[in-house]
Amino acid sequence: MNKMMRYEFNQNKRSFWIALFVVGLLQAIPAAASKSYLESVKKNMQEQRLENYSESLSTFEGWVSGQPFTFFLLLLGFFSMSWAIGSIVKERDRHTAEFLFTLPYSRTSIYWAKWLAHMYQVIAIAVVSTGIVLLIGRFIGMLNAPWAVTNVMLAGLLTSLAFMGIGFALSPWLSSERGALSIGIGIVSIMFLLNIISGLNDSFMWMAKANLFNLFDAAAISGGKGLPIASVSGALGLLAAGSCAGWAGIVQRDM
């Protein structure tokens, strides 16, 4: 199992470091810029007494639950889906499947070793990104509720794991790595666009019902409400169902 996990780590080494750098950077920049934004909002609220400002917009936690959370979820969702949906199909496309599945390992152990490798990679990126946001928030003196920020980032991680579940379920049934990556990125992109469209008008709200980008209410979580059990169960349930479907596919299908 450990050897197979190292094999998968080596295959994804380059993309992992790229993902870590990009996701971490796009969390660090908004977090560092939050002080000037929040000070401007508070000044407007005091001088102009604007009532249309949401209370969450005046806190670091609320700021994190806005655009930084969207960037985090979008990018981590892209990489999570890409790694998962390419986990099996890339072996076939690179003509390494025959070698891999003739090794003295069962298909089950190969599949779950890949699964664990991807889980470690996604969780590592989420942990580093969360640490960056918390450290910057503490450094600039704007962090009031560390656990609220942590829960917001955890919501992004859980949603990304749900995307992984979809990717694992599809991977054994695809034959082209490039096509698989296109499908994976397409799924995330379409859900993101539907999420944007659903917020434009009340008549488009139906688009948000089956959208993973709306699985968690980041603004409510940033206010200290915690992670809703139904959303956590939904994310983990989709991960579990997709992972088991992928395992069934690799066991039953002729590679």
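Mentor: Let's start with a definition: a crossing is right-handed if the near helix is turned clockwise from the far one by less than a right angle, and left-handed if anticlockwise. Keep in mind that this is a predicted model.

Trainee: What kind of crossing does α8 make with α9?
Mentor: α8 passes α9 in a right-handed crossing. The axes of α8 (residues 146–170) and α9 (residues 177–198) come within 11 Å and cross at roughly 145 degrees.

Trainee: Which residues make the contact between α8 and α9?
Mentor: From α8 come F163, I166 and L170, and from α9 come I183, I187, V188 and M191. V188 also touches F78 of helix α4. Neighbours within four places in sequence aside, F78 is in contact with I185, V188 and S189.

Trainee: Why is the pairing of K90 and E8 called a salt bridge?
Mentor: The cut-off is 4 Å from a side-chain nitrogen of Lys or Arg to a carboxyl oxygen of Asp or Glu. For K90 and E8 the N to O distance is 2.6 Å, so the pair qualifies as a salt bridge. K90 lies in helix α5 and E8 in helix α1, 82 residues apart, so this pair links distant parts of the chain. By this rule the count comes to four salt bridges.

Trainee: How do you know that α7 has close to its expected span?
Mentor: Helix α7 has 33 residues and reaches 48 Å from its first C-alpha to its last, close to the 48 Å expected at 1.5 Å a residue. After α7 comes G141, with a positive phi near 75 degrees.

Trainee: What makes the nonpolar surface patch?
Mentor: F21, L25 and I29 make this patch of about 310 Å². I29 belongs to helix α2 (residues 13–47).

Technical notes
Residues numbered from 1 in each chain as written. Predicted model: local features only at pLDDT ≥ 70, side-chain atom pairs only at ≥ 80, totals over all residues. Heavy atoms only, no water. Helix = DSSP H or I, 4+ residues; strand = E, 2+ residues; numbered from the N terminus. Expected span 1.5 Å × (residues − 1). Patch = residues over 30% accessible without salt bridge, like charges linked within 9 Å, V, L, I, M, F, W, Y side chains within 5 Å. Areas by Shrake-Rupley, 256 points an atom, 1.4 Å probe, with all protein chains shown as cover. Axes fitted to C-alpha atoms, helices over the stretch in contact; angles between N-to-C directions. Contact = heavy atoms within 4.5 Å.
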